[in-house]
Structure formats: C-alpha cells, structure tokens
Amino acid sequence: QVQLVESGGGLVQPGGSLRLSCAASGSIFSIYAMGWYRQAPGKQRELVASITGGGSTNYGDSVKGRFTISRDNAKNTVNLQMNSLKPEDTAVYYCNAIIAGTTGPRSNYWGQGTQVTVSS
C-alpha cells in the first residue's frame, strides 16, 4: 500500500508565502514524476508544478516565477514553495506521484488535499 500525505496548507494574506510538503510512504520500489495540482471551487483540477526523478521541472503558466517545486529522493518527499501568493491561488492543493510499488505495476497516486486560502 502506498500513501501520499500532504502538510502545510492554511490561510495567508496576499503577497505572503506558504510551503507545502508531501511525503510518500508504504511499499515503494521507485518514484517517478511527482507534482502538485490544485482545484478551486467550480473549476477543473489543474497542474501547478511537476518534477521528474532527475529534477526536471514544469510549471503552470499562472505560477511561473512565484512557485518552486523541489524533491528529496532519499526521503520520498516533494515540496512546493509558494511566494507572492494571490487570491486566485486559493484552492485545494493535491500531491501527485507516479510510483511503482514493490508488489505491483507503476500507478498514479493522489494525496488527500490541503486547503490554501489567500485572503486579507
């Protein structure tokens, strides 16, 4: 069984910063891409940022220059540093990872989501 557990969401004022973390645990053989998605009320889930095992990154247009994704392969964690936050960044943020377990094929896993609210 593989799990993704997020932490670090909360309420922040416009222009502020937050750091999200996600830890993968369980019967893990290998982790491929990891990333963050978000979903605001009434909107589709969208990519925020992703990172490959080799460290190549990809960002959604709306967060480029403000958010930074990083990962620690030794700890099976992925982080999202969010700076210069805007009210439109308000959403539930989901951790995502493509993981090969020790007893099964490569699969796509999601965390439970963490709320980020940007408001004065």
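Student: Okay, which side chain does Glu 46 meet in a salt bridge?
Tutor: That would be Arg 38, with N and O 2.7 Å apart. Keep in mind that this is a predicted model.

Student: Got it. Why would two side chains like that pair up at all?
Tutor: Side chains of opposite charge can pair when their charged atoms come close.

Student: Is Arg 38 buried or exposed?
Tutor: Arg 38 counts as buried, because its relative accessibility is 6%. Glu 46 is partly exposed, at 36% relative accessible area.

Student: What else forms a salt bridge with Arg 38?
Tutor: Asp 89 does, and the closest N and O atoms there are 2.9 Å apart. Both Asp 89 and Arg 38 are buried.

Student: And where do Asp 89 and Arg 38 lie?
Tutor: Asp 89 lies in the loop between β8 and β9, while Arg 38 is in strand β4, so the pair ties together parts that are 51 residues apart in sequence.

Student: Which residues are linked with Arg 38 in a network of salt bridges?
Tutor: Glu 46, Arg 66 and Asp 89 are linked with Arg 38 in that network.

Student: How many salt bridges does a search of the whole structure find?
Tutor: Four. One of them joins the side chains of Asp 61 and Lys 64, at 3.1 Å from N to O. Asp 61 is exposed, with a relative accessible area of 66%.

Student: New topic: cysteines. Which ones does a disulfide join?
Tutor: Cys 22 and Cys 95, with the sulfurs 2.1 Å apart. The count for the model comes to one disulfide.

Student: Where do Cys 22 and Cys 95 sit in the chain?
Tutor: Cys 22 is in strand β3 and Cys 95 in strand β9, 73 residues apart, so the pair links distant parts of the chain.

Student: What about the torsion about the S-S bond?
Tutor: The torsion is about -85 degrees, so the disulfide is left-handed.

Student: Now rings. How many aromatic pairs are there?
Tutor: The count is one aromatic pair. The partners are Tyr 37 and Trp 110, with ring centres 5.1 Å apart. Their planes are at 65 degrees, and the cut-off for edge-to-face is over 60, so the pair is edge-to-face.

Student: Which strands hold Tyr 37 and Trp 110?
Tutor: Tyr 37 lies in β4 and Trp 110 in β10, so the pair ties together parts 73 residues apart in sequence. Tyr 37 is partly exposed at 25% relative accessibility, and Trp 110 is partly exposed too, at 36%.

Student: What sits over the ring of Tyr 94?
Tutor: The charged end of Arg 45, 3.8 Å from the ring centre. Over at Tyr 32, Arg 106 lies over the face of the ring, at 3.8 Å from its centre.

Student: Over how many bridges do β7 and β8 pair?
Tutor: They pair over six bridges, in the antiparallel sense. As one example, Ile 69 has Leu 80 in β8 as its bridge partner.

Methods: Residues numbered from 1 in each chain as written. Predicted model: local features only at pLDDT ≥ 70, side-chain atom pairs only at ≥ 80, totals over all residues. Heavy atoms only, no water. Buried < 20%, exposed > 50% of the residue type's maximum accessible area, 1.4 Å probe, protein only. Helix = DSSP H or I, 4+ residues; strand = E, 2+ residues; numbered from the N terminus. Disulfide = S-S within 2.5 Å. Phe/Tyr/Trp six-rings, centres within 6.5 Å; stacked < 30°, edge-to-face > 60°. Lys NZ or Arg CZ within 6 Å of the ring centre and 35° of its normal. Pairing = 2+ DSSP bridges.
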